[in-house]
Amino acid sequence: MRQKRATWVTAGVCAVLVGALIAFAFERPARQGESAATEAEDSHGDAAEEHGAGTDAGAEAQPTLSGEVVDGLRVVQVAARQFELEPSPPQEAKVPRTSDQQRGGVQCPGSQGDAR
Amino acid sequence: MMTNGPSLRRGASRGNLLAADRVQDGPAWGALLVALYLALALLPLGLAYALEPATEDPFLVEVGKGAGLLGFALLALQVALSARLRVVDAPFGLDVVMRFHRGMAIFAGALLLSHPFLLAAGGEGWEIFGLGAGWQVNLGKLALALLVLVILGALLSGKLGVQYQLWRRAHRAAVLVVAGGFVHGLAIGPDLEHPGMKAYWWLLLGMVVVIFTFRNVYVPLWGRRCFRVAGVEQETHDTFTVRLEPEDGRPLPHRPGQFMWLKLQRPGRSSEEHPFTISSSPTREPPLTATIKKSGDFTNTIDQTRPGDTAGIEGPYGRFSFLHQEPASFVFIAGGVGITPILSMLEYLQDTGDERPVVLIYGNKAEGDIIRREELDGLPGNVRVVHVLSHPDAAWTGPSGYVTKDVIRQHAGEMLEAAHVYVCGPPVMMGMLIRGLRELGVPDARIIYERFAV
């Protein structure tokens, strides 16, 4: 009786552990896929918003790098909008951005490397 | 744990013997231990997931990484299972713990063996099997090779006829596998870069070090009770009973039917530790007795044990005792020296005035092999003893042949409806009789036996 029960307990413990291992291995890449997709959506939204802002400002988002290189750094001037309860007309402010920031935030919206 | 005291002397009741270690003895304690085992085994996967819920690695690589983490945790827990901890033995019995240990060793070995193959197949590349893969990877492979040897050695040592003591020493090499796996994981495991996982890894190593040190340093030096040989009596041509007196005067608290690890210190002879059944009843101790048959390198010298020799005793262990059940009646079936735990139980029944019906079916080769025949034949009226001889001489008028289910049906058939059946003897005989008892309709819950592969 005890020996038989021991065999069942051993088999049960192994089954639980295998189940947990498979769930673990299945879940982690799936979560990565989810977060990557979420990041892509967020970035796409940002890009669309950026595109809209550009239109409002009378400028189009360019697929090529914009701005000009100053001392080895690409300086891009982008428009930042300020919202209040009653959206006020967009006020343009010149914010200098480096090429690194541009690569991460504007030109490569779905980059998985930045999603982590 | 059981406590020492006068309650274990003559007249001890079932309640007294069980009360002292009731908590560790019960099924709730057993369930708690299984839950703790599962929690500790699953903790690395849970931690790895909690600390990094998403990775870029494909499914196969994640299975491979998880197999490594889980396999190492199981390997570390193996040390706890094999340490003969009495809190672990109490609810299950050491034979069951060792059975679990064996099963989990094979499972952990399979997980760890699959670990590099899954990583390679998942995209890490087959070059990890080459020697140029880096010392961290090579250390892991070395540990894995040692693990395979340890597992194969444990599974095949009996068939290959390896000496028990040699096998035990070689089996301790498994701790090197844990050490190798620990360094390998810490050096190269991506999940172990997180401080939380590192802490768990160190916790596992700490547990292994503490338990290994307890088993291999503390117990040999301070963990055994000191007894002195009071006498050695010859029972049959090849069986001897060693009487042991405690040096501190306190009897060893045990249940009838339990066993102990005995290490005799005899001048001019190497001292070895071996498990032996306690053949005396706690109601008659001291002295405590071990009845030992010459059947191996160590036991062949048992008759050279002298009064005054010292003995270290660790125990008691095991659950082969009717005190764990509530039998309406008893059928004891023994073969040869397998009578020893039953002698202890019969003495206990007699000393406590227990009058429940008992049938003892005792198989031997010849009349000269019957251990303590006079004592058995002088038992009270509620005990019926049936001697069965496989090679009787011409003068024998009793049952002859082997103890089979037909013999059981003939001599104890009327009791099988309600009796608990206790079986102890050579493995082949036990296997045959357990099958036979099932065929006779005795449910597993009423067939009591211990089967060792330690």
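Helix axes here are lines fitted to C-alpha atoms over the stretch in contact, and angles run from 0 to 180 degrees between N-to-C directions. Helices are DSSP runs of H or I with at least four residues, numbered from the N terminus. This is a predicted model, where local features need pLDDT of at least 70 and side-chain atom pairs count only at pLDDT 80 or more, while totals for chains, interfaces and linings use all residues. Residues are numbered from 1 along each chain as its sequence is written, chains are lettered from A in the order in which they are written, and side-chain values use heavy atoms, without hydrogens and water.

I start with one helix pair. The axes of α3(B) and α10(B) come within 9 Å and cross at roughly 165°. That makes the two helices roughly antiparallel, a word for angles over 145 degrees. On the α3(B) side, the contact (heavy atoms within 4.5 Å) is made by Leu40(B), Leu43(B), Pro44(B), Leu47(B), Ala48(B) and Leu51(B). From α10(B) come Gly196(B), Met197(B) and Tyr200(B).

Now the cores. A nonpolar core is a set of buried Ala, Val, Leu, Ile, Met, Phe, Trp, Tyr and Cys residues joined through side-chain atoms within 4.5 Å; buried means under 20% relative accessible area with a 1.4 Å probe, protein chains only. The largest has 49 residues, and Leu17(A) and Tyr37(B) are among those with the most contacts inside it. α1 of chain A gives two or more residues to this core, as do α3 and α10 of chain B, among others. α4(B) gives the most, 13 residues.

Beyond four places in sequence, Tyr37(B) is in contact with residues including Val13(A), Phe100(B) and Met104(B). A second, separate core of 26 residues includes Phe320(B) and Ile370(B).

Note on methods: Buried < 20%, exposed > 50% of the residue type's maximum accessible area, 1.4 Å probe, protein only. Parallel < 35°, antiparallel > 145°, perpendicular 65-115°, else oblique.
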